[in-house]
Amino acid sequence: MENQAVENYALEQVPDDMKRGWKSIFCVLVAIGVDLSSVILGAELANSMPLDKAILSVVVGSFLSAILYTLCSLVGSSTSLSTSMITKYVFGDIGAKIFSLAIGISLLGWFGVQVGFFSENASLLFNNFNINIDVRILSLVGGLLMMSTVIYGYRAMEKLSVYSVPLLLALMFLTILLGFKANGIPTIEANMEQTMTFAQGVSLAVSIIIVGAIISPDISRWAKSRKDCTLASFFGILFGNSFMIIVSIILVKCMGTSEIMNIFLALGLAIPGMIVLTLAQWTTNTSNIYSSALSIALVVKNISQKKLTIILGLIATLLAVLGIYEGFINFLNILGIVVAPVGGVYIAEYYIVKKAFKNIEDESSVNPIVTRSIVAWVIGIVITTLSTYGFITLSTISPLDGFITGFIAQAIIGKLSK
């Protein structure tokens with residue numbers, strides 16, 4: 001057993017004396033939501049919709065996301081198990097390993113993508129001071145920095161989030177105030193040509209968090225109680241998922257540019273911009289490598305969590321340094337098709353079928369394959385694939401289509417099966 005300070009409890013339940021209150025988990029979730037992906041989405045909404053509709057679509061989408069996230073989180077809180085361990089009871093040992101490999105590789109890839117975002121924007125800021133640093137060097141430094149926290153487990157992630165979130169919020173509010181001072185408060189453009197519908201805006205706000213909801217037990221298993229889990233998950237996602245997107249919308253409308261780094265530079269906030277860039281990507285990317293290590297641990301059991309995290313972090317950083325992440329995104333989207341229905345399957349099992357989690361204290365009760373769950377998963381994958389490639393249109397969010405399909409299929413098959 002590793003020292004408790006760095007123990008992630010990848011293959012066992014989190015002990016009660018190690019669990020945390022809602023405030024610390026809330027900070028972790030807000031920190032995960034504050035990243036450059038949200039900034040990019042906010043810019044897209046700002047350029048496609050009037051100010052009021054853009055903001056309202058984000059609020060509605062984040063509210064729906066918060067409900068979905070909380071439903072998944074409560075499974076983790078109630079079982080005290082990671083997502084991969086939950087799937088072990090729901091899908092069986094073999095099914096769980098398939099999921100764990102898919103989500104583990106996917107999160108490694110997205111770690112590399114986020115590091116790529118970081119290095120490109122950091123290069124822009126350094127160029128402002130006539131400092132030319134190779135993007136690959138920035139990727140290497142950024143990747144090593146972002147993986148460093150996770151080596152020391154959930155507690156290190158928690159401390160990073162608790163200290164980072166207030167600073168991030170303060171800097172973003174400062175940026176908005178300076179933007180208002182420079183160009184005035186943006187008005188609602190009544191005559192703006194709208195190139196995106198309100199429903200599409202809501203869909204985008206939901207889609208940005210859907211995979212995070214599926215792996216939410218990795219965080220929520222640390223909650224002291226269901227109440228702590230509910231408060232942290234609902235309000236953490238409602239605020240965390242919407243804050244940076246709305247800030248981005250307001251800044252783009254105010255400053256007339258979609259490039260967040262150019263906004264910082266125009267307002268004379270190069271150093272605060274670098275701090276925001278670093279902390280936003282750092283706090284988000286810790287969760288990627290953290291959940292990836294938890295997932296891969298189910299497949300590779302003979303390596304300690306600390307060593308496994310270091311190995312995976314180095315691999316993901318190397319992907320970013322080599323620039324492979326740019327050509328990796330299509331592959332990651334394919335993995336997303338496999339992952340999407342899993343959340344729906346396990347929450348249907350937990351809330352409706354109620355069979356898989358009766359003996360979580362006894363790992364010997366785990367079957368190699370749970371056929372009914374595998375069938376529901378495959379049905380969800382088929383629907384997600386058809387939705388992704390435009391053969392059918394349901395909610396307009398392909399991962400959500402798979403999630404809902406997995407839920408319905410598992411509920412029906414589970415109730416019908418003996």
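At what angle do H4 and helix H5 pack, and how far apart are their axes? I began my notes with this pair, keeping in mind that the model is predicted.

**Entry 1: H4 against H5**

I looked up the packing of H4 and H5 (residues 135-150) and found an angle of about 125°, with the axes 8 Å apart. I noted the crossing of the two helices as right-handed. On the H4 side I listed Phe111, Val115, Phe118, Ser119, Ala122, Ser123 and Phe126 as making the contact. On the H5 side I listed Val135, Leu138, Ser139, Gly142, Gly143, Met146 and Met147.

**Entry 2: H4 by itself**

Next I followed H4 from end to end, residues 83-128. H4 has 46 residues, yet I found its end C-alpha atoms only 43 Å apart, whereas a straight helix would reach 68 Å at 1.5 Å a residue. Where is the kink in H4 centred? I located it on Phe91, with a value of about 130°. I also checked how covered H4 is: 33 of its 46 residues are buried. Just after H4, I noted that Asn130 has a positive phi of about 60°.

**Entry 3: H12**

I then looked at H12, which runs over residues 270-297. Its 28 residues reach 40 Å from the first C-alpha to the last, close to the 40 Å expected at 1.5 Å a residue. I found 26 of the 28 residues buried, so H12 is largely enclosed by the rest of the structure.

**Entry 4: H6 against H10**

I turned to H6 (residues 153-183) and H10 (residues 226-255), whose axes come within 10 Å and cross at roughly 20°. That makes H6 roughly parallel to H10, because angles under 35 degrees count as such. I recorded a left-handed crossing for H6 and H10. Residues of H6 in this contact include Leu169, Phe173, Ile176 and Phe180. Among the H10 residues they meet are Phe239, Phe243, Val247 and Ile250.

**Entry 5: Val378**

Is Val378 buried, exposed or partly exposed? I found Val378 in H15, residues 371-388. Its relative accessible area is 43%, so I put Val378 down as partly exposed. Last, I looked up Val378 and Thr405, which lie 27 residues apart along the chain, and found their C-alpha atoms separated by 9.9 Å.

Methods
Residues are numbered from 1 along each chain as its sequence is written. This is a predicted model: local features need pLDDT of at least 70, side-chain atom pairs count only at pLDDT 80 or more; totals for chains, interfaces and linings use all residues. Side-chain values use heavy atoms; hydrogens and water are left out. Helices (H or I, at least four residues) and strands (E, at least two) are DSSP runs, numbered from the N terminus. The expected span of a helix is 1.5 Å times one less than its number of residues. The bend at a residue is the angle between axes fitted to the seven residues ending there and the seven starting there. Buried means under 20% relative accessible area, exposed over 50%, partly exposed in between (1.4 Å probe, protein chains only). Axes are lines fitted to C-alpha atoms, for helices over the stretch in contact, and angles run from 0 to 180 degrees between N-to-C directions. Angles under 35 degrees count as roughly parallel, over 145 as roughly antiparallel, 65 to 115 as roughly perpendicular and the rest as oblique. A crossing is left-handed if the near helix is turned anticlockwise from the far one by less than a right angle, and right-handed if clockwise. Contact means heavy atoms within 4.5 Å.
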